[in-house]
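Please look through the structure below from its first residue onward, keeping the sequence at hand.

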Amino acid sequence: NGFGGGASTLVAGAFLVIAVEGEQPELDFRVATAASGLIGSVTFWGSLVAFGKLQGLITESPVLFKGRHVVLALLGGVALALGAWLVADPTTTALFWAAVVASSLLGLLVVLAIGGADMPVVISLLNSFSGVAAASTGFVLGNNILIIAGALVGAAGLILTNLMGKAMNRSLANVLFGGVGAGDPVAADDVYAGRVKGTSPEEVAAVLESARRVVIVPGYGMAVAQAQHAVRDLTT
């Protein structure tokens with residue numbers, strides 16, 4: 001995902017430099033170039049952070065700081081503004097790279113705020129982003145095959161992200177705004193009614209104490225958290 005997004009960004013930037021040396025690029029070329037740079041750079045740096053979390057190179061815990069949502073909103077706004085400016089004035093190629101820098105910071109901070117156990121949802125979303133970036137680059141190159149392939153990857157990734165989010169009791173908004181892995185505490189009534197899939201250790205202990213039969217389904221989060229031994233101890 002990451003290298004696909006990075007390649008889309010570099011190819012779009014290279015063709016922008018070539019295009020502005022000749023006649024004025026068409027509007028669709030400019031819009032596609034801006035989209036490739038913005039989405040591709042988010043995908044590249046976000047994928048690097050996801051890789052680092054899964055490999056244990058960086059902390060798997062969500063990296064949160066005060067005013068995070070404000071910073072993310074400002075970075076997103078700056079990136080979009082620079083992209084719009086680039087569409088209006090494609091001869092200033094520095095705008096493209098400035099938008100890439102803003103989008104790169106956005107990708108880094110968004111994925112850093114998500115816990116390692118929830119990386120599958122993030123990776124699926126980044127997969128969708130890589131497809132959209134590739135499709136945008138297809139418009140830049142005038143390559144119909146790349147447009148179709150990128151659109152298929154983007155749509156499939158978005159569908160998979162939605163399905164995974166529902167299975168993990170997450171919404172797509174949680175993924176987009178870095179809410180995954182940092183949810184609000186749930187009420188005890190919701191736990192006992194079976195309407196939620198997450199709770200506190202105390203609530204789990206109370207439920208297990210009164211349960212006659214318990215089924216434990218191993219999942220990706222258990223593997224990442226290396227909780228197999230703790231689950232074994234719980235069952236003995």
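Helix 5 is followed by Gly142, whose phi is positive, near 70°. Helices here (H or I, at least four residues) and strands (E, at least two) are DSSP runs, numbered from the N terminus. This is a predicted model, in which local features need pLDDT of at least 70 and side-chain atom pairs count only at pLDDT 80 or more, while totals for chains, interfaces and linings use all residues. Residues are numbered from 1 along each chain as its sequence is written, and side-chain values use heavy atoms, with hydrogens and water left out.

Helix 5 itself has 23 residues, which at 1.5 Å a residue should span 33 Å, and its end C-alpha atoms are 32 Å apart, which agrees; the expected span of a helix is taken as 1.5 Å times one less than its number of residues. Of those 23 residues, 17 are buried, so helix 5 is largely enclosed by the rest of the structure. Buried means under 20% relative accessible area, exposed means over 50%, and partly exposed lies in between, with a 1.4 Å probe and protein chains only. Ser136 is found in helix 5 and is buried, its relative accessible area being 11%. Leaving aside residues up to four places away in sequence, Ser136 touches Ala32, Ala35 and Ser36, where contact means heavy atoms within 4.5 Å.

Asn162 is partly exposed, with a relative accessible area of 35%. Although Asn162 and Val121 are 41 residues apart along the chain, their C-alpha atoms are separated by 8.5 Å.

Seen as a whole, the protein has 11 helices and zero strands, and from the N terminus on its elements run α-α-α-α-α-α-α-α-α-α-α. Buried residues make up 35% of the 236 residues in the protein. Among contacts between residues at least 6 apart in sequence, 73% join residues at least 24 apart. The accessible surface comes to about 13200 Å², of which 67% belongs to carbon and sulfur atoms; such areas come from the Shrake-Rupley method with a 1.4 Å probe, and for residues only the protein chains shown count as cover.

Where does the chain place its buried residues in helix 1? This helix covers residues 2-20, and its 19 residues should span 27 Å at 1.5 Å a residue, which agrees with end C-alpha atoms that are 27 Å apart. In helix 1, Gly2, Gly5, Gly6, Ser8, Thr9, Ala12, Gly13 and Leu16 are buried. Seen down the axis of helix 1, these buried residues fall within an arc of 160°, so they line one face of the helix, the arc being that of the directions from the helix axis to the C-beta atoms. An α-helix has 3.6 residues a turn, so residues three or four places apart point the same way. On the other side of helix 1, Phe3, Leu10 and Ile18 are exposed. What covers the buried residues of helix 1 includes helix 2 (27-54), helix 3 (68-88), helix 4 (94-112) and helix 5 (119-141).

The largest nonpolar core has 16 residues, and those with the most contacts inside it are Leu16, Leu86 and Phe96. A nonpolar core is a set of buried Ala, Val, Leu, Ile, Met, Phe, Trp, Tyr and Cys residues joined through side-chain atoms within 4.5 Å. Helix 1, helix 2, helix 3 and helix 4 each supply at least two residues of this core, and helix 4 gives the most to it, with five residues. Apart from this core lies another, of seven residues, among them Ala50, Ile114, Met119 and Val122. Leu86 touches Leu16, Ala34, Thr92, Leu95 and Phe96, not counting residues up to four places away in sequence.

Aromatic rings give a last view. Rings of Phe, Tyr and Trp (its six-membered ring) pair if their centres lie within 6.5 Å, and planes under 30 degrees apart count as stacked, over 60 as edge-to-face and the rest as tilted. By this rule the count comes to three aromatic pairs. Phe3 and Phe44 form a tilted pair, 6.2 Å centre to centre with 55° between the planes, and this pair links distant parts of the chain, with Phe3 in helix 1 and Phe44 in helix 2, 41 residues apart. At 71% relative accessibility, Phe3 counts as exposed. Phe96 and Trp97 form an edge-to-face pair, 4.7 Å centre to centre with 90° between the planes; Phe96 is buried, with a relative accessible area of 2%, whereas Trp97 is partly exposed, with 35%.
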